[in-house]
Amino acid sequence: MSRYTDASDEEYAPRGDDRPGLDDLAPAVELIGDALDEDDDEDDYPEDATDDDIDLVVALYREDGQPVALALGIELANDLDELITQLRRIPGDGGAVGLVSIASEFFVIVRVRGKHVQVLLSDELAATDWPIARDVADFLGSELPEDDEDAGPIGDLDILADVGIPDFELEALCDSEDDSDALLERVAKKLKFLPQYRKTVQAGFGL
């Protein structure tokens with residue numbers, strides 16, 4: 001017998017197919033698909049509003065019964081989660097109300113009382129173009145409108161009902177064609193924060 005026989009048999013013996021099968025590849029394919037879906041979501045997400053786009057970001061609250069208006073960081077106009085976090089840190093007697101106006105086109109109202117959070121977006125069409133509006137839609141689990149006729153306010157229209165603005169009145173403000181920053185001034189007036197609100201907006205945002 002050749003002295004090479006054993007080595008050849010061992011070297012060239014069938015080893016089987018060690019390539020990954022379809023079952024092995026399936027999880028990887030799913031992960032790739034998920035990653036592509038995430039990329040699509042990111043590509044579809046609106047770009048941040050610029051400083052010029054942001055009209056105001058203001059918190060209203062009462063401290064020892066006295067009305068206080070506080071200018072918040074302008075970057076919060078692009079991040080609902082962080083806005084909620086900052087409102088929760090305010091030591092108001094009954095929580096805090098956040099007001100955001102973008103490009104005089106739409107407004108967002110956020111009310112935080114402990115763990116209880118309510119939000120209102122004056123025009124759901126804004127969710128296709130502006131990050132905070134998209135955040136509100138996502139927070140509410142609301143689908144984006146397919147056309148203008150289906151659009152309107154979304155969220156809690158009774159968000160301020162217990163402090164002076166019933167839902168039908170707030171809905172009328174959302175439907176108004178006036179600039180959103182002017183509409184929020186009406187909200188501040190109804191809540192009896194007008195002098196403090198005007199002073200804060202003028203000093204912090206030049207309006």
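The legends below describe an overview and two close-up views of a predicted model.

**View 1. Overview of the chain.** The chain has seven helices and six strands (DSSP runs, H or I of at least four residues for helices and E of at least two for strands, numbered from the N terminus), and from the N terminus on these elements run α-α-β-β-α-β-β-β-α-β-α-α-α. Buried residues (under 20% relative accessible area, with exposed meaning over 50%, for a 1.4 Å probe and protein chains only) make up 36% of the 207 residues.

**View 2. Helix α5 and its surroundings.** In α5 (residues 167-175) the buried residues are Leu 170, Leu 173 and Cys 174. Seen down the axis of α5, these residues fall within an arc of 100 degrees (taken from the directions from the helix axis to the C-beta atoms), so they line one face of the helix. They pack against β4 (106-113), β5 (116-121) and α6 (180-190), where contact means heavy atoms within 4.5 Å, while the face turned away from the buried side carries the exposed residues Phe 168 and Asp 175.

**View 3. The crossing of α6 and α7.** The axes of α6 and α7 (residues 194-205) come within 8 Å and cross at roughly 145 degrees (lines fitted to C-alpha atoms over the stretch in contact, with angles from 0 to 180 degrees between N-to-C directions). Asp 181, Leu 184, Glu 185, Ala 188 and Lys 189 in α6 meet Leu 194, Tyr 197 and Arg 198 in α7.

**Notes.** Residues are numbered from 1 along each chain as its sequence is written, and side-chain values use heavy atoms, leaving out hydrogens and water. In this predicted model, local features need pLDDT of at least 70 and side-chain atom pairs count only at pLDDT 80 or more, whereas totals for chains, interfaces and linings use all residues.
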